[in-house]
Amino acid sequence: MTHFFPNALCFGDEFPASGSPCFVQVDGDGLTITFESSEGGDGAREAVAFSALTVSAGGLDHDHLVVKWVNAQGERTLYLKNPDVIRAFRQAAPDHLNAPLEQAAERVRQVRHRHRVMWAAVGGSVMAVVLCLWFGADLLVKLAVSRIPVEWEQKLGESAYRDFLTRQEVMKDGPAVTALGEMTQRLTEQIPNNPYKFEVTVVKSDVVNAFALPGGYVVVFTGLMKKAESGEEVAGVLSHELNHVLQRHGLERIVKNLGLLTVVAIVLGDQQGLVGIMKQLGVELLTLKFGREQETEADLTGLQLLQRAKIDPSGMIRFFERLSEKDEGRMEWLSTHPMSTARADRLKTELAALPKKSPEPFTFDWKHVQASLGSQPVAAP
Amino acid sequence: MKSEILYPGAFPMVRVDLAAGEQIKAESGAMVACSPTIDIESKMEGGFLGALSRKFLTGEKFFFQTLRASRGPGEVLLAPTVPGEIVILELDGVNEYMVQKDGFLAGADAIVIESKMQSLSRGLLGGEGFFILKISGKGTLVLNSFGAIHKIELKPDQEYVVDNSHLVAWSATTSYNIEKATSGWVASFTSGEGFVCRFRGPGLVYIQSRNPGSFGAWIRQFIPVSE
């Protein structure tokens, strides 16, 4: 008794619904199907000529070759999956079966292709959504920011500003305050439809820094003013900071830090919760760092503003360059505004492209302003 | 290996008698009790990547249990987590079954379990998820269901319609399409059926008499909501 190794399933009226395991052999003029005997070895045998067969593709993934014929007991259906048997069948099959075999093979290819295309489409769409979110995030942030009213922004900035000033020594009057006031006025006069009431404060500190909070609150440290060689240099930094406010860069950073869900909430109309969410997440306004693109934008718009206000814009570039050359003192402005020659070069190119305007000098004497700073006791950092 | 279903009905258990040296694989956590001659090991069926894909793709367990009668013959009692019938199939080496991811309880060592990706429409709408188990090889296969198991026998080209999420296992010689339960979209959903699977023979389709998802939705309303 030989051991029985089935390679196909045969279906028919007298077989169980799950099919009867059988052994299919391909020979010159047809198929020989051997069924298992009740003892476990070879049992009943049936030979079918190729001329009696019809073929198609079937099964769950259309990966079975389905062979049908009719004998005395009724219709028989054979499900072949074994690749060797299918290959032998295709080689031995006469001409009249070639067309249906080719059709069946084509059907399998089509189904596989369709599956691949479908999955590729799904994968592609998922990728597209991810890419859209990745690259469209900035647009979404801008859209969200544009929906936040200026009053909210001011409230936000003001609380952080007042809080900061209580911990600092503020310079209330003197030549430095007057000089900065003049710069601020000349610059803000040139801002069309300015929604902000800019508030610029001089803080006594050796730190070489200046920063702007959302809503138009600007702080300039005396350290920066001592470092500057002319009023135009300070005006350059001031113009840069004012433009961070005008472009709402702070707000953009906050919204970015708070995440996409907040952005969606803001776009959909819930601006009220922003302050609450910020407090909850502990987003610190003073530690917000602007992105490289925002810095470039503030540089360029800052330059244009200086030009409109007839303040010599080369002062801005000179100050940037000098700060980047030497790493002396506590130049915090640099840590948040990393200088590179590329950045300075860009500003120079931009400046060359602007129409030449004859600058109008400030009314104050910068040496006098600096002398007044030097005579003041310097606050410990 | 000889297996017998004890307490047939809602809370059945399977007793498997193992000869010395014989082993079976079972879903992790399926063992209820066993003879002291049986060793329990965990095994990543199909290797690490196979196990990983099964875990993440089908939601099946990462490890399978291997129960081996290493110190002489013994018996093992196995039971599924959910109430429902158990069915024992004999695989003959040619028959292959697709099994929805929670349907596998245990099987002879010689059976092969693979994860298989379904087509998009079947994965989305069939109620079985994108990945199912494909079980082939030669030996005993034990499946479990939620509710009673009903066997549908399909002759060649005979069709039968099954509501999605009621499938337990079906032979690879069958094929099925997903379609709306009724001809209209609205009626499809208001009838409570949504999508159905139209099976086409030949082959066997095992269905379960309860739908786990619907049962979950029903029981959720009785679970107290904590503050």
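**Exercise 1.** How many bridges join strand S2 (residues 20-27) of chain A to strand S3 (residues 30-36) of chain A, and do they run parallel or antiparallel?

Solution. This is a predicted model: local features need pLDDT of at least 70, side-chain atom pairs count only at pLDDT 80 or more, and totals for chains, interfaces and linings use all residues. Residues are numbered from 1 along each chain as its sequence is written, with chains lettered from A and ligands numbered from 1 in the order in which they are written. Strands are DSSP runs (E, at least two residues) and helices likewise (H or I, at least four), numbered from the N terminus. Six bridges join S2(A) and S3(A), which run antiparallel. In one of the pairs, A:Asp27 has A:Gly30 in S3(A) as its bridge partner.

**Exercise 2.** Give the strand order of the sheet in chain A.

Solution. Strands pair if DSSP finds at least two bridges between them. The open sheet of chain A has seven strands, ordered S4-S3-S2-S1-S7-S6-S5, with antiparallel pairing. S4 (42-49) and S5 (54-58) of chain A are the edge strands, each pairing on one side only.

**Exercise 3.** Is B:Glu4 buried or exposed?

Solution. Locate B:Glu4 in strand S1 (residues 2-6) of chain B. Count C-beta atoms, placed from the backbone, within 10 Å: 20 or more others means buried, 12 or fewer exposed, in between partly exposed. B:Glu4 has 12 such neighbours, so B:Glu4 is exposed. Its C-alpha lies 8.4 Å from that of B:Ile88, 84 residues apart in sequence.
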